[in-house]
Amino acid sequence: MVTDLAIIVYTSILLGTLSHETVGVQNPLLLVGVYTFLELAVLGFGLIFAALTFRLKSFNLLSNLTQFVVIGLCGLFFPVSILGPLRVVSMAIPFTYFADMFRYAGYGGATLLDPILEFPLTLASALGLFILGLGYFKATEKRAKQKGQIGTH
């Protein structure tokens, strides 16, 4: 996490130097908080992904499907508001709110929900994904060991 934050600071300084523009963050504390929650959520999502890979034995298909669906619909590269009817699907993806809060903390952009509701939602999503991911991974690992599909790792 520290390395990622250092890269963000370095990139901001580099972009500011090269473009001769000031690169600032409206709410640095909120940005770091949301980023911390995101790390926990990504870890949980990764554990779910690893458990599914244990079961499906096909990493490529699963990776391609989740990568395009999650990244494409969570509003990482564009606001969810431009998606029209697909916005409903985006609102069901927890990572949508992380991207939304990053925009809000970074430059004060409009949010999908009131930030007072959205911030606790990101925390709840992070904790929920982590707990779900850890539980699902442990259960899948135990099942795989009982069936003799994996020995040790």
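This is a guided tour of the structure above, one selection at a time.

**Before you start**

The model is predicted, so local features need pLDDT of at least 70 and side-chain atom pairs count only at pLDDT 80 or more, while totals for chains, interfaces and linings use all residues. Residues are numbered from 1 along each chain as its sequence is written, and side-chain values use heavy atoms, with hydrogens and water left out.

**Stop 1: the whole protein**

Begin with everything shown as a cartoon. You will find six helices and zero strands, in the order α-α-α-α-α-α along the sequence. Helices here are DSSP runs of H or I with at least four residues, strands are runs of E with at least two, and both are numbered from the N terminus. The C-alpha trace spans about 60 × 35 × 30 Å along its principal axes.

Of the 153 residues, 31% are buried. Buried means under 20% relative accessible area, exposed means over 50%, and partly exposed lies in between, using a 1.4 Å probe and protein chains only. Contact means heavy atoms within 4.5 Å. Among contacts with a separation of 6 or more, 59% join residues 24 or more positions apart.

**Stop 2: α2 beside α6**

Now select residues 28-56 for helix α2 and residues 115-146 for helix α6. Their axes are 7 Å apart and the helices pack at an angle of about 25°. That angle makes α2 roughly parallel to α6. Axes are lines fitted to C-alpha atoms, for helices over the stretch in contact, and angles run from 0 to 180 degrees between N-to-C directions. Angles under 35 degrees count as roughly parallel, over 145 as roughly antiparallel, 65 to 115 as roughly perpendicular, and the rest as oblique.

α2 and α6 cross in a left-handed way. A crossing is left-handed if the near helix is turned anticlockwise from the far one by less than a right angle, and right-handed if clockwise. The residues of the contact between α2 and α6 are 22 nonpolar, four polar and three charged. In this sorting, Ala, Val, Leu, Ile, Met, Phe, Trp, Tyr, Cys and Pro are nonpolar, Asp, Glu, Lys and Arg are charged, and the others, Gly among them, are polar.

**Stop 3: Thr-140**

Stay on helix α6 and pick out Thr-140. Thr-140 has a relative accessible area of 3%, so it is buried. Show the backbone of Tyr-136 too: its oxygen lies 2.8 Å from a polar atom of the Thr-140 side chain. Setting aside residues up to four places away in sequence, Thr-140 touches Ala-51, Phe-54 and Arg-55.

**Stop 4: α2 against α5**

From α2 come Leu-30, Leu-31, Val-34, Tyr-35, Phe-37, Leu-38, Ala-41, Val-42 and Phe-45. From α5 come Phe-95, Phe-98, Met-101, Phe-102, Tyr-104 and Ala-105. The residues of this contact of α2 with α5 divide into 15 nonpolar, no polar and no charged.

Next, centre on Leu-38 in helix α2. Is Leu-38 buried or exposed? Its relative accessibility is 18%, so Leu-38 counts as buried. Beyond the residues up to four places away in sequence, Leu-38 touches Phe-95, Phe-98 and Phe-102.

**Stop 5: α5 across α6**

Keep α5 and bring α6 back. Their axes come within 9 Å and cross at roughly 135°, so α5 and α6 are oblique to each other. α5 passes α6 in a left-handed crossing. On the α5 side, the contact residues are Phe-95, Tyr-97, Phe-98, Asp-100, Met-101 and Tyr-104. They meet Pro-115, Glu-118, Phe-119, Leu-121, Thr-122, Ser-125, Ala-126 and Leu-129 in α6. The contact of α5 with α6 divides into ten nonpolar, two polar and two charged residues.

Zoom in on Ser-125, in helix α6. At 14% relative accessibility, Ser-125 counts as buried. Neighbours within four places in sequence aside, Ser-125 is in contact with Pro-94 and Phe-98.

**Stop 6: Gly-24**

Finish at Gly-24, in the loop between α1 (2-19) and α2. Gly-24 is exposed, with a relative accessible area of 52%.

Note on methods
Polar contact = N/O pair within 3.5 Å; in protein donor to acceptor, adjacent residues only side chain to side chain.
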